[in-house]
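Please read them with the sequence and the coordinates at hand.

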Amino acid sequence: MADPTPQTPDSPQTPEPPHAPVAPQHNADDLPPHVRTLVDFTLVKLDEIIDAVGALDDATANAVPPAPGANSPFVLLTHCLGMMRRWSSTVNLGIRVPRDRDAEFSAIGRVADLLISAAEVRAAFLADLTATDWNSPPVAPATGYGPWSQSTLGVLLHVFEELCQHLGHLEITLDLLRAPDHRAAGHRAGDLRAGNDPA
């Protein structure tokens, strides 16, 4: 299902390349223990999503189950990647990462290309975290999110929450896509045959 979380405009900052990590202020191993633990859990959930989508062929990754508001596995991972950098960089660091959230929910493409993007975002996300001041509030806090945007740790907790939620979405999506009725129907989000690359 489409993420219902309210969105607010990003703070006006100089745009950065979508996947460019900031310069770390310290090594990831030097993070405070409670932050390091949460980072580890967060990366586990991200990797579970990446691995699940990475195991699919292009057609299945772009398939949409016959359920109202459903999304393809490709869309779910694409959305998670955009969500992560918005919070780790734009909100926590005040370094704006360009993002088209609406386009995330209509994304189609090749699994191999998405895995490259996922690896880039994973590395940039970790670099964002190592550059974060965990004793200060977010540089560009988002409004309408309650406790999630009041502290840098709350921002990380929100990313963890979102990844857990969308991992559940992905698991349900894959169950529906593996159902015999769906496979017979061949319901697809886009035509990814050779010569029909997505725009």
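**Notes on the predicted model**

1. The protein has seven helices and zero strands, where helices (H or I, at least four residues) and strands (E, at least two) are DSSP runs numbered from the N terminus. The order of elements from the N terminus is accordingly α-α-α-α-α-α-α. This is a predicted model, in which local features need pLDDT of at least 70 and side-chain atom pairs count only at pLDDT 80 or more, while totals for chains, interfaces and linings use all residues. Residues are numbered from 1 along each chain as its sequence is written, and side-chain values use heavy atoms, with hydrogens and water left out.

2. Of the 199 residues in the protein, 43% are buried, a term that stands for under 20% relative accessible area, with exposed meaning over 50% and partly exposed the range in between (1.4 Å probe, protein chains only). The exposed surface comes to about 9,600 Å², of which carbon and sulfur atoms supply 58%; the areas come from the Shrake-Rupley method with a 1.4 Å probe, and for residues only the protein chains shown count as cover. Among contacts (heavy atoms within 4.5 Å) with a separation of 6 or more, 81% are between residues 24 or more positions apart.

3. Not counting residues up to four places away in sequence, leucine 156 touches Val35, Leu38, Val39, Thr42, Phe125, Leu129 and Trp134.

4. Threonine 42, in helix H1, counts as buried because its relative accessibility is 0%. With neighbours within four places in sequence left aside, threonine 42 is in contact with Phe125, Leu156, Val159, Phe160 and Leu163.

5. Two aromatic pairs are found, given that rings of Phe, Tyr and Trp (its six-membered ring) pair if their centres lie within 6.5 Å, with planes under 30 degrees apart counted as stacked, over 60 as edge-to-face and the rest as tilted. The pair of phenylalanine 41 and phenylalanine 160 is tilted, because the ring centres are 6.5 Å apart and the planes stand at 45°. Since phenylalanine 41 lies in helix H1 (residues 33–54) and phenylalanine 160 in helix H6 (residues 152–177), this pair ties together parts that are 119 residues apart in sequence. Phenylalanine 41 itself is partly exposed, at 48% relative accessibility.

6. The pair of tryptophan 87 and tyrosine 145 is edge-to-face, at 4.7 Å centre to centre and 85° between the planes. Tryptophan 87 belongs to helix H3 (residues 73–91) and tyrosine 145 to the loop between helix H5 (111–130) and H6, so that this pair links distant parts of the chain, 58 residues apart. Both tryptophan 87 and tyrosine 145 are buried.

7. Threonine 132, in the loop between H5 and H6, is buried, with a relative accessible area of 2%, and a polar atom of its side chain lies 2.7 Å from the backbone oxygen of aspartate 128. Arginine 99, in the loop between H3 and helix H4 (101–104), is partly exposed, with a relative accessible area of 22%.

Methods: A polar contact is a pair of N or O atoms within 3.5 Å; within protein, one must be able to donate a hydrogen and the other to accept it, and residues adjacent in sequence count only if both atoms are side-chain atoms.
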